[in-house]
Protein chains: 2
Amino acid sequence: MAPRQELSQKNRNKLSRRDLTTAAIALIEREGLDALSMRRLATELECAPMSLYTHVRSRDDLIDAVVEHLIEQLAPPEWSGESWQQVTRRTLEAYRDLAVQMPNSFELLALAPYDSSPVAPHLSRTVASFEQAGLTPEQARQILGILDGYATGFLIVWARSSTRGRSDEYAATAPGIAGLRDLEMFDRGLDALIAGLDLTLVRGTDGGEVLA
Amino acid sequence: MAPRQELSQKNRNKLSRRDLTTAAIALIEREGLDALSMRRLATELECAPMSLYTHVRSRDDLIDAVVEHLIEQLAPPEWSGESWQQVTRRTLEAYRDLAVQMPNSFELLALAPYDSSPVAPHLSRTVASFEQAGLTPEQARQILGILDGYATGFLIVWARSSTRGRSDEYAATAPGIAGLRDLEMFDRGLDALIAGLDLTLVRGTDGGEVLA
DNA sequence: ACCTGAACACCGTTCAAGT
DNA sequence: ACCTGAACACCGTTCAAGT
């Protein structure tokens, strides 16, 4: 019945680092980010709290592992002959889809530091794919930073409000604010941002090509 | 020497809700967001942890009070005859300046739910100022949502990386990523976004005015 | 190598008690 | 009304001990 081995005497579960992140993500999606604690995760895995430390250095390391797990869900960044507008749109839409799929865990990925071990390599590959699409290194860096800022902020707030039980207790005092965020808005903002970046950063700066 | 009254016998400090938020913000800016706990704040104010509960219902309520305190630092949204581009730019630049001034506390404001008691009224007034500048209610709602998403995400990540001691341990593995974020980039992104929104949302949709 | 219980220094908050 | 200490149910993590 359980996908996990029967525990023979004490606990011969043979936990792995991946078991931790799988259980952690399931727990977060089921009960929210605050529910993720070492002790809570241990009871979830039917082991002692200290057993987790065999597979993970600390709580921060656990979160790094979760972020790494989440990044694996994103398709690896690569260029397939598209324009830079198409690559960036595809990249950001994948990001958006992950936020929809795992709204509670998404925040861990979105706010993970750029220089953390799971994020840095993924970011490097993303920048590289932007450059292959014809952007200069400087353009790629700036456009990624700006687009990532937009997606991070929009999607975190969206995910929080789509998950947290909307209280509606101030909805009356703030007419027109309810539903300030919806996903179509994300796509519209993305369109606007890409169009604006093309105008001000790509076409604008160097006297580069007028047509892609 | 201390701006606070000498404590006579026990503690005749006459704490107020504002004393709590002032001390909380100072503590957060000095030692980071994680340092803000009821017990820690109490020692900061030289009172018993439970004394705080006279002025604040709970930790969440304390955070609401801090957010309210931060919003007061922003100039109240109003329209002074500018174009919508100028109002939105002015609004977002004030938001940016607050992030620069109080990088550690900023996150509390940026991630406070739209429908929380301190945020909702401020948001309503902001939407109203956008409408006075000529946007339709629907345009104002969308443009605020998108711009706020951009500013929230960009500035939170910027504030975190500008404060947290940059480890530089993965800087080598991620060439071109170090310094992915700087404040000039925020302004460039804002320019691009406003230009793009004008193209795709304001000029684009209804057959409205061609010139502001 | 992997798992564990006891212990330490934290945390938010309830409750009953003091002024 | 305002402040307080003791107590409860949590938390991450160290350490010494088991297999």
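Colleague: How many of the 212 residues of chain A count as buried, as a percentage?

Modeller: 48% of the 212 residues of chain A count as buried. Buried means under 20% relative accessible area, exposed over 50%, partly exposed in between, with a 1.4 Å probe and protein chains only. This is a predicted model: local features need pLDDT of at least 70, side-chain atom pairs count only at pLDDT 80 or more, and totals for chains, interfaces and linings use all residues. Residues are numbered from 1 along each chain as its sequence is written, chains are lettered from A and ligands numbered from 1 in the order written, and side-chain values use heavy atoms, with hydrogens and water left out.

Colleague: Why is A:Met38 called buried?

Modeller: The relative accessible area of A:Met38 is 10%, so A:Met38 is buried. A:Met38 is found in helix α2 (residues 38–44) of chain A.

Colleague: What is A:Met38 in contact with, leaving aside its neighbours within four places in sequence?

Modeller: A:Leu52, A:Tyr53, A:Val56, A:Arg59 and A:Leu62. Contact means heavy atoms within 4.5 Å. Among contacts in chain A between residues at least 6 apart in sequence, 72% join residues at least 24 apart.

Colleague: What makes something a helix here, and how many helices has chain A?

Modeller: Helices are DSSP runs of H or I with at least four residues, strands are runs of E with at least two, and both are numbered from the N terminus. Chain A has 8 helices and 0 strands.

Colleague: How do you know that the length of helix α6 of chain A agrees with its 14 residues?

Modeller: The expected span is 1.5 Å times one less than the number of residues. For residues 119–132 that should be 20 Å, and the end C-alpha atoms are 20 Å apart, so the two agree. Just after α6(A), A:Gly134 takes a positive phi of about 110°.

Colleague: Which elements do the buried residues of α6(A) pack against?

Modeller: They pack against α3 (59–73), α4 (84–101) and α7 (137–163) of chain A. Buried residues of α6(A) include A:Val119, A:Leu123, A:Val127 and A:Phe130.

Colleague: What makes the pair between B:Arg39 and DNA strand C a polar contact?

Modeller: A polar contact is a pair of N or O atoms within 3.5 Å; within protein, one must be able to donate a hydrogen and the other to accept it, and residues adjacent in sequence count only if both atoms are side-chain atoms. A polar side-chain atom of B:Arg39 lies 2.5 Å from a base nitrogen of DNA strand C.

Colleague: Which residues come nearest to DNA strand D?

Modeller: A:Met38, A:Arg39, A:Met50, B:Ser51 and B:His55, out of 17 around DNA strand D. A polar backbone atom of A:Met38 is 2.8 Å from a phosphate oxygen of DNA strand D. For B:Ala48, a backbone N or O atom lies 3.0 Å from a phosphate oxygen there.

Colleague: How much of DNA strand D within 4 Å of the protein is sugar or phosphate?

Modeller: Of those atoms, 53% belong to sugar or phosphate and the rest to bases.

Terms used
Near = heavy atom within 4 Å.
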